[in-house]
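Take a look at the chain below.

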Amino acid sequence: MSTDTTGTAARDEGPRPGDPADSPFVRACRREPGPHTPVWFMRQAGRSLPEYRKIRSEVAMLESCRRPDLITEITLQPVRRHKVDAAILFSDIVVPVAAAGVALDIVPGTGPVVTDPVTTRADVERIRLIDRDDVHYVDEAVRMLVDELGGTPLIGFAGAPFTLASYLVEGGPSRTHVRTKALMYGDPDLWHALAGRLAEMTLAFLKVQIDAGVSAVQLFDSWAGALSEADYRRYVLPHSRAVLAGLADAGVPRIHFGVGTGELIAAMGEAGADVVGVDWRTPLDVATRRIGPERAVQGNLDPCLLFAPWPVIEAEVRRVLAQGRAAPGHIFNLGHGVLPETDPEVLTRVVALVHELTVRPDGGRS
Ligand code: CP3
C-alpha cells in the first residue's frame, strides 16, 4: 500500500473514520470536539521504558536515530504500553543538523556536543541544506510507522532555530545561553544568517516528514524561555515564523512548544502555530487568555508530579483538565518531557484517567 497516496487523498477529500486525520488528537489540534481529550507525553519513547533501555543498551543514541527498524520499534513502544492518542517520532533535534554536515555527538548524561562551535560566517555557510536523501532513514521510518499505526496519528518534529542555534554556538548544553546571546546582541547580522539558515534546514526537514505521512508536527523551541519577549520578537520570531508559515498549506497541524515561555506564548502563537504547548508554570486558562481563541493548547502537568502519591496526581490531572476547558481545544500532555526515572505504570494510569474523565457518550459529534 502506498501510504503517501493515502495520506494525500485523505487531506484532499477530508478525513474518513479510522483515518488519523479524524483522530481525537488531530481533532483537538483543529479545535473540533472529539470523543475524549487526547493525551500523549513528550519523551514518551525513552529511558522511562525498560523495553527502550533494553534496545538502546548496545546502540549509541545517534546511531539509533539513523536505523529505521529501531526508530520504528522505539516509537511504537509507548503506544502499545500506554494507549496514548499519538505517537511521536523517535529522534533528536540535532539529527538534521548532523545530516547538514555539522560534526556532533550525543553524549550520554550530557546531551548534544558540537565539535567546532559556530563563531563565523564561514561556519554558518558550512551548514548545508538537506533533502530527503540526507535523512532517508527518517523518511523510511515515518512510512513504516504510518502503516503500523493505522488510525493513531504520528507526530513529526524538529528543533526551532533558537534552540538549535544555542547548541551550535555554545557547543553543548548551556544554562545561561551566554555565547548565543552575546552573538545575537553583538553581531545581529551573523545571528540572523545563522537562524535563517537553520530555519531553511528545519523547514526542509519537516517537509520530508510530512511528505512521508506524519499527521502533525511539533516545533520545539525548548530554550526560548531564556529570552525577554522583546528579544524573542526581534531575534527569534521571524525565523520560527519562516518555518511554521512555510508549512501553512501542508495540511497538518503545527504545534509550537518551549519551556519557561509563559511571557512568550502569545508571540509563539503568532509565529504561526495551530497549537501552543504550555509548560507547568502557566495555568491553561491563563495561557488561553494570552494566546486567544484561534489556537488550541497542549499541556501541562509538571513532570515531577508523577513522583507524588496517586491521589495527588489524580487531583492535579483533574485541575489541568478543568483549566484546559477554557481553551478552544486541549491536548493533555506534561509541561516538559517524561523524566527518565518516571514509573511507566503511572503514565499508563494517567492516560486511562484522562480518557475516563473526559469521555463523551456522543463521540463529541453534538
Ligand atoms: O529521552 C530519552 O531518554 C531518549 C533518548 C534521548 C533523546 N535525546 C531523544 C529525544 C537522549 C539521551 C537525548 C539526548 C539529548 N538531546 C538530551 C538529553 C540529555 C540527557 O541525557 O538527559 C537533550 C536535552 C537533547 C536536546 C534535545 N532533544 C532537545 C532540547 C529536544 C526538544 C525536546 C525537549 O526535551 O525539550 C530534543 C528532542 C528529543 N530528543 C526527543 C526525543 C525522543 C523529542 C521528541 C519527544 O518529545 O519525544
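Leu190 is in contact (heavy atoms within 4.5 Å) with Thr119, Thr120, Arg121, Val124 and Leu183, leaving aside its neighbours within four places in sequence. The model is predicted, so local features need pLDDT of at least 70 and side-chain atom pairs count only at pLDDT 80 or more, while totals for chains, interfaces and linings use all residues. Residues are numbered from 1 along each chain as its sequence is written, and side-chain values use heavy atoms, with hydrogens and water left out.

Leu190 sits in helix H11, residues 188–212. Helices (H or I, at least four residues) and strands (E, at least two) are DSSP runs, numbered from the N terminus. Is Leu190 buried or exposed? Leu190 is buried, because its relative accessible area is 6%. Buried means under 20% relative accessible area, exposed means over 50%, and partly exposed lies in between (1.4 Å probe, protein chains only).

His239 belongs to helix H12, residues 229–245.

Leu145 lies in helix H8, residues 136–149. Not counting residues up to four places away in sequence, Leu145 touches Thr72, Thr75, Leu76, Leu89 and Leu154. Leu145 and Lys207 are 62 residues apart in sequence and 17 Å apart in space, C-alpha to C-alpha.

Ser166 is in helix H9. Beyond its neighbours within four places in sequence, Ser166 is in contact with Gly171, Gly172, His177 and Thr180. The C-alpha atoms of Ser166 and Val118 are separated by 9.7 Å, and the two residues are 48 residues apart along the chain.

Here are the accessibility values side by side.

| Residue | Relative accessible area | Class |
|---|---|---|
| Leu190 | 6% | buried |
| His239 | 10% | buried |
| Leu145 | 0% | buried |
| Ser166 | 2% | buried |

How many residues of H9 are buried? The count is 10 of its 10 residues, and H9 is mostly covered. Among them are Pro161, Phe162, Thr163 and Glu170. Just after H9, Gly171 takes a positive phi of about 90°.

Rolling a probe the size of a water molecule over the atoms shows where empty space is left. On a 1 Å grid over the protein atoms alone, a cavity is a set of points where a 1.4 Å probe fits but cannot get out. A pocket is an open set with protein on both sides within 12 Å along at least five of seven lines. Lining residues have an atom within 4 Å of a point. Grid points are joined across faces, edges and corners, and a volume is the space filled by probe spheres set on the points.

The structure holds 1 cavity of 30 Å³ or more. About 30 Å³ of space lies in the largest cavity. Its lining is made by Val94, Val97, Leu104, Val114, Leu164, Tyr167 and Leu168. H9 supplies the largest share of that lining, 3 residues. By class, the lining has 7 nonpolar, no polar and no charged residues. Here Ala, Val, Leu, Ile, Met, Phe, Trp, Tyr, Cys and Pro count as nonpolar, Asp, Glu, Lys and Arg as charged, and the others, Gly among them, as polar.

**The largest pocket**

The largest pocket has a volume of about 1,400 Å³. It is lined by 45 residues, and the closest to its centre are Arg43, Arg47, Asp92, Gly111 and Pro112. Which elements give two or more residues to this lining? They are helix H3 (50–56), strand E2 (104–107), strand E3 (111–114) and helix H9 (161–170). The pocket lining has 25 nonpolar, 12 polar and 8 charged residues.

**The whole chain**

The chain has 16 helices and 9 strands. Its radius of gyration, taken over C-alpha atoms, is 19 Å, close to the 21 Å that the globule rule gives for 366 residues, so the chain is as compact as a globular protein of that length. The rule is 2.2 Å times the number of residues to the power 0.38. Along the principal axes, the C-alpha atoms fill a box of roughly 60 × 45 × 40 Å.

Buried residues make up 57% of the 366 residues. Of the contacts with a separation of 6 or more, 73% join residues 24 or more positions apart.
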